[in-house]
Amino acid sequence: MPPEPIYDVSRIDQGAIAATRDAIYAVNPHRFEFQLLDGIFFIDEEAKIMAAYLDARPDAFWARGHIPGRPLLPGVLLIEAAAQAVSYYVMSQPGFEGFLGFGGVDGVKFRGQVVPGDRLIIVARMLEMRGKRRNVAATQGYVNGQMVYEGRITGMVI
């Protein structure tokens, strides 16, 4: 049974973009094929919640070879996209310096698939924010309102 949603994704105004792809990667250092996020819908600093998205394109580097004839977004890239959302949240905080690296992932469950043409909405809630140390977030991914992923991401400043 899926956990409680972090945020009701039906409430997200998908026409309102708080950070474009260019704005995300002005903060996150990922480049080329690893620029996975397409935008950030919102960041609610008070609730420590954010929503981002990835549009699964048919020409994405993984689509040709990850199960030819039935392409699926690899689970490790789904986790990476969630980690990039958390990275953006932490690294865009006023006064943050450095790079938030992947420190761990826990409790991951894949509950559905992401295929070319889908929009993956990633929702994250910060559980711990210890500045230059450990930062932990609960993350969930949705396609068409259905949860397809859940996991806890830990980032460490490196």
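Trainee: Leaving aside neighbours within four places in sequence, which residues is Glu-128 in contact with?

Mentor: Glu-128 is in contact with Arg-134, Asn-135, Val-136 and Arg-152, where contact means heavy atoms within 4.5 Å. Please note that this is a predicted model, in which local features need pLDDT of at least 70 and side-chain atom pairs count only at pLDDT 80 or more, while totals for chains, interfaces and linings use all residues. Residues are numbered from 1 along each chain as its sequence is written, and side-chain values use heavy atoms, with hydrogens and water left out.

Trainee: Where does Glu-128 sit, and is Glu-128 buried or exposed?

Mentor: Glu-128 is in strand S5, residues 119–129. Strands (E, at least two residues) and helices (H or I, at least four) are DSSP runs, numbered from the N terminus. With a relative accessible area of 18%, Glu-128 is buried; buried means under 20%, exposed over 50% and partly exposed in between, with a 1.4 Å probe and protein chains only.

Trainee: And which residue forms a salt bridge with Glu-128?

Mentor: Arg-130 does, the closest N and O atoms being 3.5 Å apart. A salt bridge is a side-chain nitrogen of Lys or Arg within 4 Å of a carboxyl oxygen of Asp or Glu.

Trainee: How many salt bridges are there by this rule?

Mentor: The count comes to 6. One of them joins Arg-21 and Asp-38, with the closest N and O atoms 3.0 Å apart. Arg-21 lies in helix H1 (residues 21–27) and Asp-38 in the loop between H1 and S2, so this pair ties together parts 17 residues apart in sequence.

Trainee: What about Asp-38 and Arg-57?

Mentor: They also form a salt bridge, at 3.1 Å between the closest N and O atoms. Arg-57 lies in the loop between S3 and H2, so here the parts tied together are 19 residues apart in sequence. Shared partners join Arg-21, Asp-38 and Arg-57 into one network.

Trainee: Changing topic, what is the order of the strands in the sheet?

Mentor: The open sheet of 7 strands runs S1-S2-S3-S5-S6-S7-S4, with antiparallel pairing; two strands pair if DSSP finds at least two bridges between them.

Trainee: Which strands stand at the edges?

Mentor: Strands S1 (19–20) and S4 (100–110) do; each has a single partner strand, so one side of each is left without a neighbour in the sheet.
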